[in-house]
Amino acid sequence: DDEWCMRLRSHHAVERVLGLARRFTSERAVVSRALCIIARLMANDQGCVDRFIERDLAPGVIQSLDNFPQDKEIQFSGCQILRRLYIRAREVASHGPRVVCLGKKLPEVWTFKGLERIITIMRFFADDPEIQIECFTLLASLAEMLYNNGMAAETFQALEVVMRRHAGRPDILAKGVLIIARLGPSFLQHERRGVSSIVKALSRHRSNVELQRVGMRAIVSLGKEEQALHECRAGGCVAVAVAAMAAHSKDEQVLREGSRALEKLCPRALDKAIHICGDFAMALPPVSWSTHVRGTQWEHVLNDGEWEEDILKNFRKDIASIPRRQNGRGLGADSDEEEAEAAASAINGASSGGAGSSLATLNGYRLNGLREEFDASDTLRAASQAGRRRNEVRERDIRVLGKLGCVTERLRAPGPTPDNLKKLCESLLAGVAQQYSAQDGELLAALIGHFAWSSGETAREVIDYGGATACFHWLKSPTFREKGHSPEDTALMFSMQRACLGALSSMSQHDTDLTAQILTLGGMQVAIDFATNPDEITQRMALRLLARLLACELEQDGGLPKLPAKAVWDLVLRDLGDSDEIARTCAAACALELCQGGAASVEGAPPADRTAKAMLAALGAAVRDESAPAALPLLLAVGTLLVLSSSGEDEGAAAYASALIGGDKPMTLRLPAAQQSQQPISRQSLVQLLAFWLPRGIEPDASIADKGAATAAAKALRSLSERGPLPFREMKELMICSQSTSAEGDLSTVCADALLLSVASERQPLQLAHLFATSVGKGREHEERLAGSRILLPIAQRMLDLLRSAQGQTTETLVKALKKAQQLIPEGAEWAPVHVLLAEAYSFHGQAPRHSLSRPAPAESSDSPKVEGASGGGGASGGGGHTGAKHLVTPRPTRASNLSDIGEPRDCGSDVESPRDVSAPSPLISALALAR
């Protein structure tokens, strides 16, 4: 309450509370409560902040913070107090904003003691985002003063650590970029990591418009001095500025600040681009950013038990089947064509089983799964709006309006014209002969690459106009390939080479015909050469281009023998162990293409154990980071190897698949030396790494990558189920996913198929009983819900078959699990066979095991074992000829034959269990029978 805070200030509450904290300086509870009260008073009343400055109360707060340096609550309240205090002191400073005193009579030394306290808090609580926001906000207002007083280096060290740990928080990164910019270009001359931190932050959150605005202003601010401007050019700021403008082409502030930054970085190429394209707002095609998730505002009506399953599954087909209106004339026909496009898109999505399921196919992953550098690091996915076909009705109206003297250029959707593309490609090609600088070539290549990324038609036009040839000329130019350049010039060349490689990758993304043209120009050898470049970003961009080229090269006749298999495999195995997620993803995409194209059997392919360990380590790293885009190509590669090994067509794939499964023992996954500092991967088997992605595909906020990874993992598990039963935990996950209404059509179908295959080869009836009783969610009345009859009926049938062959396994635990589940089974004709099977299973309870020692021996068999006392001495109680089975006491079951002594289903670490013959007697049973 603001009024109460003002009243408390008039009663000297600030001074009294702080005095109480200083009197009981060693009492943590008193100090914590006092600082919390002061922080709330200052938040609601600006006068309390002025009172602090007037009465010189800042030393008391700083000393209280020093007494409890590792108490989170005290330090957080202290950060809030100091932030408001420093900002207000800067506003009322009488000697300018670079001379800040926390009190009228306080010496300036207390200002720097408070800053040292803030930097120490940043180091102690580097993992707490709320404390870091308070500290970053304070330092952003005083960054100019830090460099002048020798605290810039210490501040940047703490800042850089926090920005790396909170790379997923755009608000923290925006404050960090602002601090680096305000430290000034003079500081950047001595600390080159500043530009790298800015570039990584902008690439990590390309979709965040506020961060892009701050980043563009930072580049403009840092480019005031020539040395700092050179660092910005070498750090890749030209491509970052182009990407920011392309990602937010409708934001005036991003366009304005981005143009100012490019004017400083590459004025010659910018002048050429503006002369060709004109206004960037009209030349850059619009881009949309989305997570491809279901709207959270409908979650309360999308619960599993609230709707019939078929309604949700067929909703998209029902919408697509609505007859569209007849095409009209004039501008009204525009909406009809857009409606037809939307309907066709819906039909395609429904037929493919969903957007996530399309990523679980090889063609779908090639088209949409492997993302370009433009949005590879972002949590959101970029989609260009320039791919829609040209509307002829709109064009006819534009021509009519143009004849009437109207300005019709604004009526077309933003994007480059064929004339723009032609002149840009010609300028890029001529730039090599005209001695354009590296940053000029980087700008033109980045623009052409983004235009090629936006649509397949534009990419085809770029190649036809010589855009790909121009990129190869820049990459192969002796001016930039000769040795003897200074490190500064070499850094500039790296940025240009990245832009050219990215443009070539964007051109080859859409169609195999375009990829074949890139291959004809020598793209394969160029990609391999630059994959060994000293620059890490250049390496991963070359690997991305290599993955796209491999897809076309290995599908051509005679492509596999010409492939330099050893060189490519060495690059893939090197980057599968990289600490960078994007590098691992590009290497995994190359591995997928190699496995699909049969490169596992060619000469030069690495040993199966080495490749399997690298793939499992990369998949384990994706599980640790919970990164579905990094796991998706590996899951597809594993599924491809398992399918090829089952068909027997590829001996190399069979060896790789056997190494991945690892026999009976799970493999120990060891990270390379570069990742030893990170959290180690636990001892996990392939089947556990696959099952990790199943529940992520049915979460309410699942992205398209999560759904694709879940579907790909289910397909791999289905291939493993053909080899033998899966552990209980994995079968449980398959059952839940197959019955969830949040699962896409393909995911639900594949999970059900994998589960039934595993059930068909399972040899433990108790395990099947626990699986039968597994709950798959809540019903309409929030009761436990079992799986459908399509799943439970095969489980019950398989369990009954096992009980018929070994009746002694119908234990108390098994019967208890079945009776608990039977209470949830509804009545009706659909469930009648299930009830019949359960009733027969109950009838076996309490019977002795049936094996060779408990059955009547044939009279003519002289080799049958004789049990002493089996015939004779018992004539009074019945006729002769009885076997000893009537007098045998049922022995206690062993772990190998029964799980009733455990009471829980098994969950072993091996991927596939070998079948067990439950009908054969165990050694213990035979010994007990003979003793009896």
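Predicted model: local features only at pLDDT ≥ 70, side-chain atom pairs only at ≥ 80, totals over all residues.
## Packing of α34 and α36

Helix α34 spans residues 536–553 and helix α36 spans residues 565–576. Their axes lie 12 Å apart, and the two helices pack at an angle of about 130°. That angle makes α34 oblique to α36. The crossing of the two helices is left-handed.

On the α34 side, the contact is formed by Gln539, Leu543, Leu546 and Leu550. These meet Val568, Leu571, Arg574 and Asp575 of α36. By residue class, the contact of α34 with α36 contains 5 nonpolar, 1 polar and 2 charged residues.

Side chains of opposite charge can pair when their charged atoms come close. In this model the count of salt bridges comes to 40. One of them joins the side chains of Arg544 and Glu373, with an N to O distance of 3.1 Å. The pair links distant parts of the chain, as Arg544 and Glu373 are 171 residues apart. Arg544 sits in helix α34, while Glu373 sits in the loop between α24 (362–369) and β2 (381–384).

Are these two side chains buried or exposed? Arg544 counts as buried because its relative accessibility is 1%, under the 20% cut-off. Glu373, at 16% relative accessibility, also falls under 20% and therefore counts as buried.

The side chains of Arg804 and Asp801 meet in a salt bridge at 3.5 Å, N to O. Both residues belong to helix α46 (residues 789–805). They are 3 residues apart, about one turn of the helix.

Arg804 has a relative accessibility of 35% and so counts as partly exposed. Asp801 is partly exposed as well, with a relative accessible area of 33%. Elsewhere, salt bridges that share partners join Glu373, Arg540, Arg544 and Asp580 into one network.

## The Arg729 and Glu730 pair

Another salt bridge is made by the side chains of Arg729 and Glu730, at 3.6 Å from N to O. Glu730, by contrast, counts as buried because its relative accessibility is 2%.

Methods: Residues numbered from 1 in each chain as written. Heavy atoms only, no water. Axes fitted to C-alpha atoms, helices over the stretch in contact; angles between N-to-C directions. Helix = DSSP H or I, 4+ residues; strand = E, 2+ residues; numbered from the N terminus. Parallel < 35°, antiparallel > 145°, perpendicular 65-115°, else oblique. Left-handed = near helix turned anticlockwise from the far one by under 90°. Contact = heavy atoms within 4.5 Å. Nonpolar A, V, L, I, M, F, W, Y, C, P; charged D, E, K, R; others polar. Salt bridge = Lys/Arg side-chain N within 4 Å of Asp/Glu carboxyl O. Buried < 20%, exposed > 50% of the residue type's maximum accessible area, 1.4 Å probe, protein only.
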